[in-house]
Amino acid sequence: AFFAAALFFSLRPGKILVWVGKVLNPCFLLFLGILVIVAMLRPGAAVGAVVPEGAYASQPFFTGFLEGGKTHMIQESMESPQFNTGEKTLIIQCEEGMDELDISTFNGKNVYLETVENESDLTPDLLSAMAKKHKLDRILIEYNGMWMLSTLYDAMPQNWVIYQQMMFADANTFLSYNQNMRQLMVDKLMNTDLVVLNRTPA
């Protein structure tokens, strides 16, 4: 059918605009309208039916490069009673930065810390085992900026969903990273909800 239509129009080039304007566009709008009406009257599933199940179904997600401020942001957030009210929280660290987390100062005490040292260690089995071990309400991930995000996306269990993704970077090195490691920079910026530049020059 496609090749027949292509042959028909190629033999009548002067009438292509007429067909597009008077026939194809109205047909497209008609079918689009039918599709919208059918989708509204007979949706495939209720909205609630597609929400991931499980107590640890959502997790804030921190990306960025070394000395970007990810660890400091997590530390301050967990010390705040507005953010941490005692939920069972797992923090997964994928790199060791200049600062270390001090769990003793967190507002809530139901906080667990796990580390992943190698990108190849990220697997659905590992992450599922971590979540099952601690029976969590939420997970915070401090991701290694030198690892591609596709590694984490592929390793996430099916009942996990990213609630928020934030990128942290040092303003003094941001442009240098962007120039010399463009692929890694684009990888972190592509799906982020918030970009924070620390240590901005006065």
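## A buried lysine

Lys 70 has a relative accessibility of 3%, so this residue counts as buried. The model is a predicted one.

The side chain of Lys 70 takes part in a salt bridge with the side chain of Glu 95, with N and O 2.5 Å apart.

## A bridge from helix α4 to strand β3

A salt bridge also joins Lys 133 and Glu 114, whose closest N and O atoms are 3.3 Å apart. Here too the pair links distant parts of the chain: Lys 133 sits in helix α4 (residues 124-134) and Glu 114 in strand β3, 19 residues apart.

The two partners fall on opposite sides of the accessibility cut-offs. Lys 133 counts as exposed because its relative accessibility is 60%, whereas Glu 114, at 15%, counts as buried.

## Asp 187 and Lys 188

What distance separates N and O in the salt bridge of Lys 188 and Asp 187? The side chains of these residues meet at 2.8 Å, N to O. Lys 188 has 0% relative accessibility and therefore counts as buried. Asp 187, at 13%, counts as buried as well.

## Total

The structure has 4 salt bridges, including the one between Lys 70 and Glu 95.

Technical notes
Residues are numbered from 1 along each chain as its sequence is written. This is a predicted model: local features need pLDDT of at least 70, side-chain atom pairs count only at pLDDT 80 or more; totals for chains, interfaces and linings use all residues. Side-chain values use heavy atoms; hydrogens and water are left out. Buried means under 20% relative accessible area, exposed over 50%, partly exposed in between (1.4 Å probe, protein chains only). Helices (H or I, at least four residues) and strands (E, at least two) are DSSP runs, numbered from the N terminus.
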